[in-house]
Amino acid sequence: PNLFTLSALFFGFYAVVAGIQGRYQDAAIAIVLGLIMDSLDGRVARLMHTQSDFGADLDSLSDVISFGLAPALVMYLWQLQHFGQWGWAVAFTYVASVALRLAKFNNVSDKRPNNYFQGLPCPAPAGLLAGLLWTVEQSESVWFDSHMGGIALMILMLSLSALMLSSIPYYSGKKAGNSGKVSFYAVVFVVLLLVVFSIIPAIFTLAFFSGYVIYGVLAAGWSCLKGKCCG
């Protein structure tokens, strides 16, 4: 499992290098590959019954770099640097939110339902930002090169930071498949997702993580309407 964690760390580091060199699409793809590796390390550890405090600490350190520093720095180099102090302040706020989110997760993970995260997990906003960058670079859109596009990106990053620090429950999927039985329809659904990803990877990445983020907000809003607001 730690090899998958180190692989995620490698892709996060590579994303930073690619961003510094101005290869933003490569940076976005590296972040997505890091997400894939990160999704496998915990699953493999649970299947092999090799969970450990060392692995959990290594995973958190890797996440800070791969899904905190890497996307924030890439976004800064891509757009936010044009806004001076406001740009790097937003980028730092995002990194700090990831670090605080992980510290909070490590301290309350044993006190909450294992099938839900308390607050938006940091890989999701990293995937959303990577998908956005990948889509824009692939389509050669110039909208984000405008002043309003940069402001929209800063508002998005601040919103994602707030969601990471919130108490909104987000489905984790950790128990999925743990019973050893997976339905036929679930397999078909996963296959369809892989097919769509292979055809339009950038748009799929953006849509998938955007849907995950928005679903949690809508579900929390619906719970509040029914008088069951999260703390």
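Is G173 buried or exposed? In this predicted model, local features need pLDDT of at least 70 and side-chain atom pairs count only at pLDDT 80 or more, whereas totals for chains, interfaces and linings use all residues. Residues are numbered from 1 along each chain as its sequence is written, and side-chain values use heavy atoms, with hydrogens and water left out.

G173 counts as buried, because its relative accessibility is 12%; buried denotes under 20% relative accessible area, exposed over 50%, and partly exposed in between (1.4 Å probe, protein chains only). The residue lies in the loop between β2 (169–171) and α7 (184–199), where helices (H or I, at least four residues) and strands (E, at least two) are DSSP runs numbered from the N terminus. With neighbours within four places in sequence left aside, G173 is in contact with R43 and N115, contact being heavy atoms within 4.5 Å. From E137, G173 is separated by 36 residues in sequence and by 31 Å in space, C-alpha to C-alpha.

The largest nonpolar core contains 51 residues; such a core is a set of buried Ala, Val, Leu, Ile, Met, Phe, Trp, Tyr and Cys residues joined through side-chain atoms within 4.5 Å. M75, W78, L80, Y94, L120, L153 and M157 touch the most other members. Two or more residues each are given to this core by α1 (2–20), α2 (24–48), α3 (53–78), α4 (85–108), α5, α6 (147–165) and α8, and the largest share, 9 residues, comes from α5. Beyond its neighbours within four places in sequence, M75 is in contact with L80, L129, L133, L153 and M157.

Helix α5 (residues 123–139) also packs with helix α8 (residues 201–225), at an angle of about 145° and with the axes 8 Å apart. Axes are lines fitted to C-alpha atoms, for helices over the stretch in contact, and angles run from 0 to 180 degrees between N-to-C directions. The crossing of α5 and α8 is left-handed, that is, the near helix is turned anticlockwise from the far one by less than a right angle. Residues making the contact include G127, L128 and W134 of α5 and I203, F209 and Y212 of α8. The contact residues divide into 12 nonpolar, 6 polar and no charged (Ala, Val, Leu, Ile, Met, Phe, Trp, Tyr, Cys and Pro count as nonpolar, Asp, Glu, Lys and Arg as charged, and the others, Gly among them, as polar).

The count of salt bridges comes to 1, the criterion being a side-chain nitrogen of Lys or Arg within 4 Å of a carboxyl oxygen of Asp or Glu. R23 forms a salt bridge with D26, the closest N and O atoms lying 2.8 Å apart. R23 is partly exposed at 28% relative accessibility, and D26 is partly exposed at 33%.
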